[in-house]
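The following note is intended for a colleague who is meeting this structure for the first time. Please read the points below alongside the sequence and the model.

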Amino acid sequence: MRTDTPPTIYRKDYADPTYLVDTVEMGFDLEPSLTRVATRIFMQRNPAGSNNEIVLFGEELELVQLRLNGKVLRAADYKLAGGVLRIPGAPAKVVLEIETTTRPDRNTSLMGLYVSNGNFFTQCEAEGFRKITFFPDRPDVMAKYTVMLRADKKAFPVLLSNGNLIEEGDLPDGRHYAKWEDPFKKPSYLFALVAGNLVCQEEKYRLKSGREVLLQVWVEDGNLDKTQHAMDSLINSIRWDEERFGLELDLDRFMIVAVGDFNMGAMENKGLNIFNTKFVLANPRIATDIDFANIEAVVGHEYFHNWTGNRVTCRDWFQLSLKEGLTVFRDQEFSADMIGTDSGRAVKRIDDVRVLRQAQFPEDAGPMAHPVRPDSFVEINNFYTVTVYEKGAEVVRMYQTLLGRDGFRKGMDLYFERHDGQAVTCDDFRAAMADAGKRDLKQFERWYSQSGTPRVAAGVHYDAKSRTLELTLEQSCPATPGQKKKQPFHIPVAVGLLDSKGRDMPLRLDGEKSAAGDTTRVLELTKARQTFRFTDVAEKPVPSILRGFSAPVVLQYEYSDAELAFLMAHDSDAFNRWEAGQRLATRRLLKLTTAVQAARQSGHVVSFETVLGNQDQDSALSDALRITLRDETLDAAFRELVLTLPSETMIAEQMEVIDPHAIHIARQFMRRTLARDLRDDLLAAYKACGTPGEYSPDADASGKRALKNVALSYLVELDEEEVLTLAQKQNDEANNMTDRLAALGALTNSSAAGKAAALEGFYSEFEKEALVIDKWFTLQATARNADVNTVRTLATHPAFSLKNPNRARSLIFSFCNGNPSAFHALDGNGYAFWAEQVIALNGSNPQVAARLARSLDRWRKYTPALQEKMRHALQQVAASSNLSRDVAEVITKSLS
Ligand code: PHE
Ligand code: ZN
């Protein structure tokens with residue numbers, strides 16, 4: 001382990017900046033091997049600051065010269081240590097001129113200024129601007145920027161930065177320049193430049209106000225056949241934000257640029273969004289339905305940041321969820337509105353909750369658990385988490401649930417009225433919601449300060465004589481790092497009651513004059529335990545609790561199998577209808593998993609099939625799924641969700657001690673059982689949804705493909721010639737990537753004779769499409785028969801590179817996170833591989849390395865034998881030299 005333990009930064013230590021910046025002028029002489037940056041900063045002492053020391057941050061920079069109010073500073077005039085440059089005793093008004101150089105072509109961290117495929121890009125959030133120049137690189141320092149870019153005209157014909165292009169022209173020696181001015185104040189993390197050989201699709205768009213704006217999507221030459229969907233998504237986003245939130249695009253020009261080397265999904269730089277190619281490039285040939293949906297969501301997300309993040313930004317990085325939670329909520333609502341139907345909205349909701357449970361609940365229960373607004377961090381890059389993003393979005397959604405849609409909109413309006421142009425906190429947002437809605441949201445603060453997933457246990461008591469139903473809700477929250485005891489949360493619990501026919505019953509709470517019109521009621525649970533009494537309840541109902549997943553909690557209620565099947569068939573709340581099926585399946589899967597463990601323990605296992613076959617006589621799940629599958633009044637997309645079993649990771653979350661192999665065997669067994677039980681219905685659904693016409697990514701068409709392909713994936717479990725032929729045919733004839741990839745996956749996981757040829761054929765057909773080759777790697781890393789050796793072999797493939805984050809994720813991350821039973825092989829070879837890769841990535845790209853490091857953070861949850869091997873691998877990484885702050889933080893917290 002590194003000897004100099006990196007310092008922890010605390011939220012409570014926030015101090016106002018000592019100097020504020022009015023304007024920044026920057027000049028770039030762009031050369032891949034050595035770029036010169038001249039920066040002029042006009043700054044003033046901050047009346048709220050505590051002294052007259054100028055504090056600038058700078059990393060991996062060569063400082064050429066520093067001038068203060070025209071005077072060259074000598075080494076004795078300032079202190080430069082540990083990435084901080086301090087100039088004490090500075091005057092009230094300062095013009096600081098800084099000359100630095102950097103080496104973009106050697107920058108493999110992809111933070112600051114870097115080169116990707118010969119073009120220049122920047123990434124400044126969170127603290128990348130300090131790799132470009134010395135600067136008060138903190139989000140509460142907002143300034144206006146003017147940027148002059150100079151570069152070789154042939155190699156870098158396109159020169160882009162934030163805001164408006166105000167001048168361009170030629171220079172001697174084959175060079176040229178472009179000058180950009182951003183009219184809006186912004187924090188340095190929103191700075192961006194792009195220079196290179198790029199082409200664009202552009203469109204003029206008229207805003208509601210009548211103003212015309214220029215929209216551009218920039219890509220490498222040869223990719224213009226893949227930009228239309230991103231452009232459409234951008235236009236839809238602009239229109240949606242006007243309509244739903246009254247927010248207009250404030251610039252005359254809005255650009256999206258795609259880059260193949262990118263650590264994250266995309267970045268909301270003012271007027272110049274930079275995107276991972278994965279979230280821009282699409283056409284039916286190369287992109288799946290999920291890709292199309294993700295592009296729409298991410299384009300929306302980055303666009304919506306223009307108001308929630310850019311116009312109103314974060315005071316400090318502890319407030320990250322202020323912009324991210326809110327903006328994820330906005331992109332979720334956008335995607336839902338784009339589908340438009342109620343059932344489509346429900347499908348979107350289920351998708352979002354699945355992500356939350358699959359990724360955030362485990363985070364909240366592990367050593368990296370942190371509140372939505374963290375109290376401390378070592379490396380801020382490690383806090384771009386599912387907690388800050390997805391749980392943060394749930395927190396924002398709860399305001400809307402509590403205040404209503406109109407109330408929420410009033411809160412948003414007040415938030416912008418108060419804070420436009422400012423850097424603020426999560427408390428400021430909550431205050432705007434409380435004040436606009438005239439609500440006391442004091443207790444609601446605990447959603448920001450307390451980590452861990454709350455449990456809500458429900459109990460009902462029906463009294464036929466008095467026709468009353470008592471619903472008792474009791475909340476608790478497990479201990480998390482640094483937080484032993486929790487205070488009660490303010491939890492909105494949406495509830496409905498179903499009569500014996502499955503109809504919603506009128507709801508009248510004790511003390512109310514009559515039943516409300518609405519058959520879903522949002523109860524507010526604020527105490528540790530509360531009882532809600534419904535009167536006039538004509539018969540004993542089946543309760544439907546936490547409708548629409550009204551709060552990010554675990555609901556504990558002992559439904560019988562019969563009640564779950566009943567809810568699956570009748571609940572008017574589509575989310576709970578799906579949820580009932582998941583509960584039924586989970587219950588069964590856990591039973592089977594225990595049976596596998598018991599059989600293994602007894603040592604008498606002839607075949608698990610026999611043991612489990614005896615176990616699983618009950619057909620409740622098959623019967624319920626059959627009803628859903630046959631119900632053509634339900635969207636295909638919804639039926640697909642109901643048919644999809646909880647993932648192995650989800651099942652693991654339900655276990656006291658995780659046994660990945662037992663889970664895998666149990667789940668596979670259940671898939672085969674269901675395939676057998678539902679064979680004819682699955683085939684019928686496959687055929688009914690399978691008429692390939694012209695491809696469209698709309699909700700209806702993609703839902704049908706999803707149902708068809710989940711049916712196929714079950715059917716191939718039967719290993720029948722007829723079905724394998726169907727898969728082969730689909731692979732050969734598919735006119736879109738969704739069907740192609742599904743067929744290839746089905747073949748790969750089967751005994752089909754043609755599977756090797758199918759994989760090879762796929763590779764040669766799409767060799768030139770990096771994003772498709774990523775899918776090819778992922779498919780093999782997550783294949784059922786894959787093991788660590790498969791992945792080691794693939795890592796030697798000429799197309800593999802650890803340096804490209806998408807490629808690294810497609811193979812390494814997919815294996816470590818997406819193939820649990822192979823990764824957790826008993827011999828520990830999966831973990832050894834993981835350690836090697838974390839160490840290798842640590843040297844080139846700490847941010848990506850730290851993400852991979854998280855794959856073992858929950859090691860204490862596993863069986864003792866696996867734990868031991870995991871700890872060994874963690875210690876191996878801990879002991880390696882030159883650990884980055886990023887990786888060190890994750891490993892230290894995992895082992896502590
Ligand atoms: N702010 C980006 C988003 O959520 C994510 C991001 C963070 C991108 C850090 C790059 C670096 O839209
Ligand atoms: Zn974001």
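**Notes on the predicted model**

1. The secondary structure of the chain comes to 27 helices and 31 strands; helices (H or I, at least four residues) and strands (E, at least two) are DSSP runs, numbered from the N terminus. The radius of gyration is 28 Å, close to the 29 Å of the globule rule for 896 residues, so the chain is as compact as a globular protein of that length. That radius is taken over C-alpha atoms, and the rule is 2.2 Å times the number of residues to the power 0.38. The C-alpha trace spans about 85 × 70 × 60 Å along its principal axes.

2. This is a predicted model, in which local features need pLDDT of at least 70 and side-chain atom pairs count only at pLDDT 80 or more, while totals for chains, interfaces and linings use all residues. Residues are numbered from 1 along each chain as its sequence is written, and chains are lettered from A and ligands numbered from 1 in the order in which they are written.

3. Of the 896 residues, 50% count as buried. A residue is buried if 20 or more other C-beta atoms lie within 10 Å of its own, exposed if 12 or fewer, and partly exposed in between, with C-beta atoms placed from the backbone. Among contacts between residues at least 6 apart in sequence, 70% join residues at least 24 apart; a contact requires C-beta atoms, placed from the backbone, within 7 Å.

4. The largest nonpolar core has 258 residues, and V194, V257, I274, V280, V493, A727 and V887 touch the most other members. Helix α5 (residues 386-419) contributes the largest share, twelve residues. Such a core is a set of buried Ala, Val, Leu, Ile, Met, Phe, Trp, Tyr and Cys residues joined through C-beta atoms within 7 Å. Beyond its neighbours within four places in sequence, V257 is in contact with L160, V194, L198, W218, L272, I274 and F275.

5. Which residues surround ligand 1? They are Q123, E125, M264, A266, M267, E268, H301, E302, E324 and Y384, where a residue is near a molecule if its C-beta atom, placed from the backbone, lies within 6 Å of it. At least two residues of this shell come from each of β20 (266-267) and α2 (289-304). By class, the shell has four nonpolar, two polar and four charged residues.

6. Most residues other than glycine have a negative phi, and most peptide bonds are trans. The bond from E125 to A126 is cis, with omega near -5°, and A126 lies in the loop between β11 (119-123) and β12 (142-152). E60, which is not a glycine, has a positive phi of about 50° and sits in the loop between β4 (54-57) and β5 (62-68). E60 counts as partly exposed because it has 16 C-beta neighbours inside 10 Å. D173 also has a positive phi, near 60°, and belongs to the loop between β14 (164-170) and β15 (175-187). With 7 C-beta neighbours inside 10 Å, D173 counts as exposed.

7. E202 is found in strand β17 (residues 198-206). E202 and L214 are twelve residues apart in sequence and 7.0 Å apart in space, C-alpha to C-alpha. Not counting residues up to four places away in sequence, E202 touches L214, L215 and Q216.

Note on methods: Two residues are in contact if their C-beta atoms, placed from the backbone, lie within 7 Å. Ala, Val, Leu, Ile, Met, Phe, Trp, Tyr, Cys and Pro count as nonpolar, Asp, Glu, Lys and Arg as charged, and the others, Gly among them, as polar.
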